[in-house]
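Trainee: Could we go through this model together, a piece at a time? I would like to know what each term stands for as we go.

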Amino acid sequence: MTIPSLRCRMLCWLYEGILLFGVGFTVLLLLVVLGIMLQTLMNGTLLILVIFVVFGVYCAWFWAKGQTLAMKTWHIRVVDARGESITQTRALGRYCLSYLWFLPPLVLLSPFQLGIAAMLLGVAVWVVLWALLSLLHPQKQFWHDALAGTQLVLCDT
């Protein structure tokens, strides 16, 4: 099994983010159409939870099948340590662990009450460092994959 390059993995990650933005926007649009948006906005935590669950369903569903649309575009597949398809449970675990891309800087910077630009810069710096840390992994995998018992590999289709 061939491991995708860091550049390939990060471009796939960026494309996935664009797709998830579309998924999130669609969910918000559906909430507006259903007339729930005002009630949901009253409780921002509920809105975040709804998006978290929707993204989790999206990721777990497609990862258990092997690929999301972005992964298909970049010919990347998620598999377990033996190279086999992952289960829904492992996919959910991988999804939760993928928040290591964002949560550490948000938690560390939140007590400082920084503006949105400073928070985004902190997250961006962390994302770059987290991606570069994958180069220290023996198989050059992202660390959330190592923790989840999964790996990204190149595939034919």
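Mentor: Let me begin with burial: buried means under 20% relative accessible area, exposed means over 50%, and partly exposed lies in between, with a 1.4 Å probe and protein chains only. This is a predicted model, in which local features need pLDDT of at least 70 and side-chain atom pairs count only at pLDDT 80 or more, while totals for chains, interfaces and linings use all residues. Residues are numbered from 1 along each chain as its sequence is written, and side-chain values use heavy atoms, with hydrogens and water left out.

Trainee: OK, so is K140 buried or partly exposed?

Mentor: K140 counts as partly exposed, because its relative accessibility is 38%. K140 lies in the loop between α7 (116–133) and α8 (143–148), where helices are DSSP runs of H or I with at least four residues, strands are runs of E with at least two, and both are numbered from the N terminus.

Trainee: What about its phi, for K140?

Mentor: K140 is not a glycine, yet its phi is positive, at about 60°. Most residues other than glycine have a negative phi. H75, in the loop between α4 (69–73) and β1 (76–80), also is not a glycine and has a positive phi, of about 55°.

Trainee: Changing topic, which residues of helix α5 are buried?

Mentor: In α5 (residues 88–97), the buried ones are A91, R94 and Y95. Seen down the axis of α5, they fall within an arc of 100°, so they line one face of the helix; the arc is that of the directions from the helix axis to the C-beta atoms.

Trainee: What covers them?

Mentor: The cover over the buried residues of α5 includes α3, β1, α8 and β2 (150–154).

Trainee: Since α3 came up, where is L49, and how accessible is it?

Mentor: L49 is found in helix α3 (residues 44–65), and L49 is partly exposed, with a relative accessible area of 48%.

Technical notes. Contact means heavy atoms within 4.5 Å.
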